[in-house]
Amino acid sequence: MKKIISVLLCIIMFVSILPITSFAVSGKTYYVDSISGDDSSSGTSASGAWRTTNNLASLQLEPGDKVLFRRGGVYECTLTLTCSGTKENPIIISAYGEGERPLLRTSQRNAVFKLFDCDYVTVSDFEITAHNGGGIWVDAVNKDSCGVTIKNVILHDMQNFKVRTRNNFSEGPISGRAAIVVRRYGNALYSVDDFTAVDCEIYDCGNGIFFTGDSAHPNKNSLVENVYIHDLDGEAVVIESCDGAVVTNCKAINCCQGEGVDENGKVLYYIAAMWFHYSTNCTIQNTEIAGQKCIGDGMTVDFDHWSFGCTYQYIYSHDNTRFMVNNSKDDNPNRGNTVRYCLSVNDGSSERWSTLSASAGEFGFKFYNNTLVNSGGINFDDTYDSVIANNIFVLKDDNRISYDYNQIKNSGTVFSNNCYYNTMTPLVDIKSYNVLPGFSGDDLYDPSSYTLSAESPLIGAGLEIAKESDVDFFGNEVTNSNIGCYGGNGTDAEYQQESLSDKLHRSLTDIFNYVVSMIKSEIKRYIKKLMDKMI
């Protein structure tokens, strides 16, 4: 008997010293069933479910509580929640039963979900539409918010019509025509941290996922993962006022379908699929971006002003208006941004009326081991203390690498070990190659075509750069300092060398195209000056 009492005392003492958070709290579960529910029921069982969301507004949800919607049901919903779970016991808003996801919708000018001042709330397994409004609005109104997760949700049919200006987000997804908005313009006191959107699909909306706020109180450690965003008038994911945000394994296909011009072709607004603004140490990676039409922007790579230490890597970009146009700001130029191991196919020119950067420029910019094929021109003006190395540039006819020779020579920027084809080699890149790259395949839209033959002169020909990436664009371990986005030892594909006459003919053609492009650029600048004077 004494042994039994001793064992029990030991168990009690052991349990008493464990952290309270080690034990899951079961919480209460509430049910909503638009098919056979009744709002006069208790709502605490599947057989006693509520019919509508009317009773949910009065709930005081606690850690571990759940609100479950019956699958196959259709629910009119404009729900505002202010509640807090814990990391170990989040509040769950999800589905039960069998069949299709519950459809939450509103025809009002409102958001379906407003999660204000919420901590550790997970919304999952829904289909959400809001023809005249927006989807999910996560905001920190009176305190910091932390740990909100949106998982396995389909959001569509949200104000996907043409506009004549960029959207403002003062009313979150409502004025932003968006699926998900984290914070709003003008809300600067508090942040939304550890936000996650994962395994979602967004389409037929004005905009996708928009982070905003104030750089003095950035949203920290956000994650957007495995989200498929397509067929939007506007932008897919905007990383504004964030610190440590990551967008990974996503797709942005046929976004920015609003061309942004009036009937006379004048640019009205500028939008791009995925970009940084007022953000630090953020990354967009392992993502496909394609089919942007916006004439003003429409680029894949865009470090907008106040972007510090941000990175694009392992991006598959194709058929966009542009591959890269960065916009800095005079009072605080961009610093420490990186583009590496990206593949661009059939993207347009970075040149528009402006250069790669505004007059403040990019400082400490690293652009290396990228492959650009059938590309428009790339403009590297206004780069300082930067590295442009190990890239393959295969340009479209009449396109060129633009730069200010004197500015590059005096800015500390290094051009080195790049490969140029169908364009003249820049005078600032004396350690370069102007040869056939030696790609393994010839299918323009098969990324595997852009590995390199083992016989390619670009294998092992790259500049040694401080190792920041262990894998190349294809996910292979980097075993060679190659030129381009492939980092392996080469494939068994045959490398066909150019004959001397072919190379001479190509060189003369490159010179001719360079002169033509220079003339075209000067004509464009002259026309713009005339237009500016007329305005």
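His230 lies in strand E21 (residues 228-230); strands here are DSSP runs of at least two E residues, helices are runs of H or I of at least four, and both are numbered from the N terminus. The model is predicted: local features need pLDDT of at least 70, side-chain atom pairs count only at pLDDT 80 or more, and totals for chains, interfaces and linings use all residues. Residues are numbered from 1 along each chain as its sequence is written, and side-chain values use heavy atoms, with hydrogens and water left out.

**Surroundings of His230**
- His230 has a relative accessible area of 10% and is therefore buried (under 20%; exposed is over 50%, partly exposed in between; 1.4 Å probe, protein chains only).
- Its side chain makes a polar contact with the side chain of Glu201 at 2.8 Å (a pair of N or O atoms within 3.5 Å, one able to donate a hydrogen and the other to accept it; residues adjacent in sequence count only if both atoms are side-chain atoms).
- Leaving aside residues up to four places away in sequence, His230 touches Glu201, Ile202, Tyr203, Asp204, Ile253, Asn254 and Cys255 (heavy atoms within 4.5 Å).

**Parallel sheet**
- Seven strands form an open sheet with parallel pairing, in the order E4-E7-E10-E14-E18-E22-E26 (pairing requires at least two DSSP bridges between two strands).
- Strand E4 (79-81) and strand E26 (274-277) are the edges, each pairing on one side only.
- Strands E7 (residues 111-116) and E10 (residues 134-139) run parallel and are joined by 5 bridges; Ala111 has Gly134 of E10 as its bridge partner.

**Whole protein**
- The protein has 4 helices and 45 strands.
- Of its 535 residues, 54% are buried.
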